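Here is a friendly note to read with the model open beside you. Take the points one at a time, and find each place in the picture before moving on.

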Amino acid sequence: MTADAAQTRAATTPVACLECDLLVDLGPLAPGQRAQCPRCGTTIAASPKQGLHRPLAFALAAAVLLMLANVYPFLAFKASGLERVMTLTESASALYDDGSRVLAALVLTFIVIAPAVLTASVIALLVPLVTGRRYPWLRHIGRLVFVIGPWSMAEVFLIGVLVSFIKIAKMATMLLGPSFWAFFAFTVCLTAALAALDRHYVWNAIEGRDA
Ligand SMILES: [Zn+2]
């Protein structure tokens with residue numbers, strides 16, 4: 001084996017295709033290049049053109065929007081001369097007061113806590129990687145991001161709110177507050193940040209290897 005061949009072999013990493021489980025030895029990818037599974041054609045890894053700046057920009061925007069979403073009113077109801085304005089966290093406490101404790105805990109966990117933890121984790125992971133710093137704890141944050149990413153149900157919650165909105169609108173006047181739109185924009189930004197986060201590329205960056 002030549003020295004070049006040995007180097008190439010050392011630089012490759014076995015990556016499993018998420019669709020068909022085929023193990024593919026993946027070498028460094030050029031910026032903008034994608035690697036596809038030779039068996040099923042699924043994209044296994046992609047090297048983003050702008051590195052990790054794009055997901056970081058989306059995650060920072062998501063953090064600001066989530067803060068706004070927790071400050072302003074989310075929904076307002078008007079019926080029979082009564083008006084009730086509700087913030088995002090109050091939706092969980094209202095369910096609790098109403099006796100639906102499990103539902104209140106689920107709403108608080110998946111709508112308030114999980115999106116906040118996920119956004120903070122993405123930022124904590126990307127800021128050191130973008131600025132070229134490597135810390136041992138980045139591996140734990142990386143694992144956390146890829147494990148809890150699919151469990152953030154912000155977009156499912158928004159669809160649920162819209163369905164309820166249409167149903168309740170027949171009985172009461174309902175207004176979507178600034179927090180709803182901030183939460184909507186937050187969902188878009190967080191989804192965009194996670195979509196731009198290539199698992200293979202991020203792990204190579206954490207390990208200090210070239211993508
Ligand atoms: Zn495959």
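Predicted model: local features only at pLDDT ≥ 70, side-chain atom pairs only at ≥ 80, totals over all residues.

1. Start with the zinc ion. Which residues hold it as donors? They are Cys-17, Cys-20, Cys-37 and Cys-40, each through its SG atom, at distances of 2.2 to 2.4 Å.

2. Next, look at the arrangement of those donors. The angles among the four donor atoms run from 102 to 116°, and the site is tetrahedral. Along the chain, the donors of the zinc ion have the spacing C-x2-C-x16-C-x2-C. Two of them, Cys-20 and Cys-37, are 17 residues apart and link distant parts of the chain. You will find Cys-20 in the loop between β1 (13-16) and β2 (23-26), while Cys-37 sits in the loop between β3 (34-36) and β4 (43-46).

3. Is Cys-37 buried or exposed? Its relative accessibility is 4%, so Cys-37 counts as buried, because buried means under 20%. Cys-20, with a relative accessible area of 22%, is partly exposed.

4. Now turn to the largest pocket, which has a volume of about 740 Å³. Its lining is made of 29 residues, and those nearest the centre are Ile-44, Leu-197, Asp-198, Arg-199 and His-200. By kind, the lining of this pocket has 15 nonpolar, eight polar and six charged residues.

5. Where does the lining of the largest pocket come from? At least two residues each are supplied by β1, β4, α5 (138-148), α7 (178-195) and α8 (199-207). Among these, β1 gives the most, with four residues. On the level of domains, domain 1 (3-46) and domain 2 (53-207) each provide at least three residues of this lining.

6. Finish with the second largest pocket, which holds about 360 Å³ of space. It is lined by 15 residues, and Leu-75, Ser-91, Phe-157, Val-161 and Ser-164 are the closest to its centre. Elements that each supply at least two residues of this lining are β5 (75-79), α3 (88-97) and α6 (154-168). The largest share, six residues, comes from α6.

7. One last thing to check is the make-up of that second lining. How many of its residues are charged? The lining of the second largest pocket has no charged residues, with twelve nonpolar and three polar.

Conventions. Residues numbered from 1 in each chain as written. Heavy atoms only, no water. Donors = N, O, S within 2.8 Å, 3.2 Å for Na, K, Ca; no water. Tetrahedral: all angles 85-135°; square planar, octahedral: opposite > 155°, others 65-115°. Buried < 20%, exposed > 50% of the residue type's maximum accessible area, 1.4 Å probe, protein only. 1 Å grid on protein atoms, 1.4 Å probe; cavity = no way out; pocket = protein on both sides within 12 Å on 5 of 7 lines; lining within 4 Å. Points joined across faces, edges and corners; volume = space filled by probe spheres on them. Nonpolar A, V, L, I, M, F, W, Y, C, P; charged D, E, K, R; others polar. Domains from an automatic or database assignment.
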